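Good morning. I will go through one model today, residue by residue where that helps. Please have the sequence and the structure open.

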Amino acid sequence: MKHSLLSVDDARLHILSAITPLTQQETLPLANVLGRVAVEVCSALDVPPSANSAMDGYALSAADLPASETSDLVLAGIAYAGKPYTGNSVLPGQCIRIMTGAVLPAGTDTVIMQEQVECHGDMVQVGAGHVPGQNVRLAGEDIARGQTVMQAGRRITPADIGLLASLGISHVTVLRRPRVAFFSTGDELRAPGEVLGQGDIYDSNRPALRAMLQRLEVEVHDLGTVRDQRSLVKNALLEAAGRADVVISTGGASVGDTDFIKDCLEELGQVDFWKIAMKPGKPLAFGRVGAALFFGLPGNPVSAMTTFYQFVQPALRRIAGEVVTTPLLLKAICTETLKKGPGRTDFQRGIVDTREDGQLRVRSTGEQGSGILTSMSKANCYIVLPADRGTVQAGEQVDVQPFAGLI
Ligand code: AMP
Ligand code: MG
């Protein structure tokens, strides 16, 4: 595979097939599991636990509903949410005042809204046209006991937190987070806060990488900026591989005079140096250093982020035990010309929105160079142009990959 031009899809498949998901588990309080990957959860309860009223009104037996005209029922008690009716089973000809969420008293199976009855003292007059069983939420209608409520491999969402709470679950077993160690390389790189010398630039890849990793709920180990010296790069790789499941570096992976990553990896690991048929982000190193999986991302900031999102993010999700689906692509009308040469998949940065008639439309963020980081920050999507496509004319349809959900 070395040195050949790989398609984006082949590279992604190759990476995903090289991964064994983590299996270790830990049990955490419900408040701490948002974004973590679940193991299967089955319900030990019915939700709701008992039949209850969906309305404020009157509970009665369907047998007492008048076929025509009206009937008068005797008010025999009150049922509140959290304070059930405690009297004997409700008899024919009786009804119970009931509030939303109150347990349906024995002997009743139907609720009439309070606006639809007439009350005279203890007598409640009910008209025709009601349906047996109406306005009642049945026991177990949301979740039945024994039902799977969370599939293994699901990343826990706010709705899942609510669902788990509705089952009375205070602690949740989840998969361990992948440990990811990362560093950037380059003699020219300075940290924000430092003074720039002639030819220096601020290191933007490492903070962006950390931020992308934080969104994935992985454990991050930031090993700093490593200067372009063989021994320093080698030490950084060894340290990273010793403490992490995944190692990520940026820069130094091409064929410049100070690009030591490749030399070091030939000595320390089993790594392929790919040229991927994509723009931005052509070079990508992938393999292993020790037991850790290794990704060597390009140094150019847009290339580093794009290769992260297209390859490293799905890989980390699979390692974390998540069931990884193919990225969501939507069709949008492009409102301007996009220059593109054939042969590589372009991930141009775009701004997608919805036209008044509901059609999605997308425009470019402008200058598309791999060093133009503002293109990533202005964008809310990638415009994904397949390898065999040429220049896009205004009005043509394109695929967009929204950042929402991706990031
Ligand atoms: P390299 O892949 O190391 O040859 O770097 C390619 C380009 O990306 C050069 O212009 C570098 O200065 C720039 N670059 C590399 N690493 C970073 C970084 N961490 N932050 C910002 N720019 C970088
Ligand atoms: Mg460099």
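I start with Leu209, which counts as buried because its relative accessibility is 2%; buried means under 20% relative accessible area, exposed over 50%, and partly exposed in between, with a 1.4 Å probe and protein chains only. Before going on, the conventions: this is a predicted model, where local features need pLDDT of at least 70 and side-chain atom pairs count only at pLDDT 80 or more, while totals for chains, interfaces and linings use all residues. Residues are numbered from 1 along each chain as its sequence is written, chains are lettered from A and ligands numbered from 1 in the order in which they are written, and side-chain values use heavy atoms, with hydrogens and water left out.

Leu209 belongs to helix α3; helices (H or I, at least four residues) and strands (E, at least two) are DSSP runs numbered from the N terminus. Apart from neighbours within four places in sequence, Leu209 is in contact with Phe182, Ile248, Thr250, Leu297 and Phe308, where contact means heavy atoms within 4.5 Å. Between Leu209 and Ser375 there are 166 residues in sequence, and the C-alpha to C-alpha separation in space is 16 Å.

Asn205 is also placed in helix α3. Is Asn205 buried or exposed? Its relative accessibility is 10%, so Asn205 counts as buried. The side chain of Asn205 makes a polar contact of 3.3 Å with the side chain of Thr250. A polar contact is a pair of N or O atoms within 3.5 Å; within protein, one must be able to donate a hydrogen and the other to accept it, and residues adjacent in sequence count only if both atoms are side-chain atoms. The Asn205 side chain also reaches the backbone oxygen of Gly299, at 2.7 Å. With neighbours up to four places away set aside, the contacts of Asn205 include Pro298, Asn300, Pro301 and Ala304.

Next, Ser184, in strand β14. Ser184 is buried, because its relative accessible area is 1%. Its side chain and that of Asp203 are joined by a polar contact of 2.5 Å. Beyond four places in sequence, Ser184 touches several other residues, among them Leu189, Arg206, Gly224 and Thr250.

Now the ligand. Which residues come nearest to ligand 1? Of the 16 around it, they are Glu188, Asp203, Ser204, Gly252 and Gly299; a residue is near a molecule if one of its heavy atoms lies within 4 Å of it. An N or O atom in the Glu188 side chain is 2.5 Å from an oxygen atom of ligand 1. For Gly252, a backbone N or O atom is 2.8 Å from a ligand 1 oxygen. A polar backbone atom of Asn300 lies 3.2 Å from an oxygen atom of the ligand. On its own, ligand 1 has 480 Å² of accessible area, and the protein covers 76% of that, by the Shrake-Rupley method with a 1.4 Å probe. Two elements give two or more residues to the shell, namely β14 (179-185) and β16 (201-202). By type, the shell has 4 nonpolar, 10 polar and 2 charged residues; Ala, Val, Leu, Ile, Met, Phe, Trp, Tyr, Cys and Pro count as nonpolar, Asp, Glu, Lys and Arg as charged, and the others, Gly among them, as polar.

On to the packing. The largest nonpolar core has 39 residues, and those with the most contacts inside it include Ile15, Leu213, Phe295 and Phe308. Such a core is a set of buried Ala, Val, Leu, Ile, Met, Phe, Trp, Tyr and Cys residues joined through side-chain atoms within 4.5 Å. Helix α6, residues 301-319, gives the most to this core, with 9 residues. A second, separate core has 21 residues, including Ala181 and Cys264.

Last, the backbone. Most residues other than glycine have a negative phi, and most peptide bonds are trans. The bond from Val47 to Pro48 is cis, with omega near -5°, and Pro48 sits in the loop between β3 and β4. Lys279 and Pro280 are also joined by a cis peptide bond, with omega about 0°. Glu69 has a positive phi, near 55°; its relative accessibility is 66%, so Glu69 counts as exposed.
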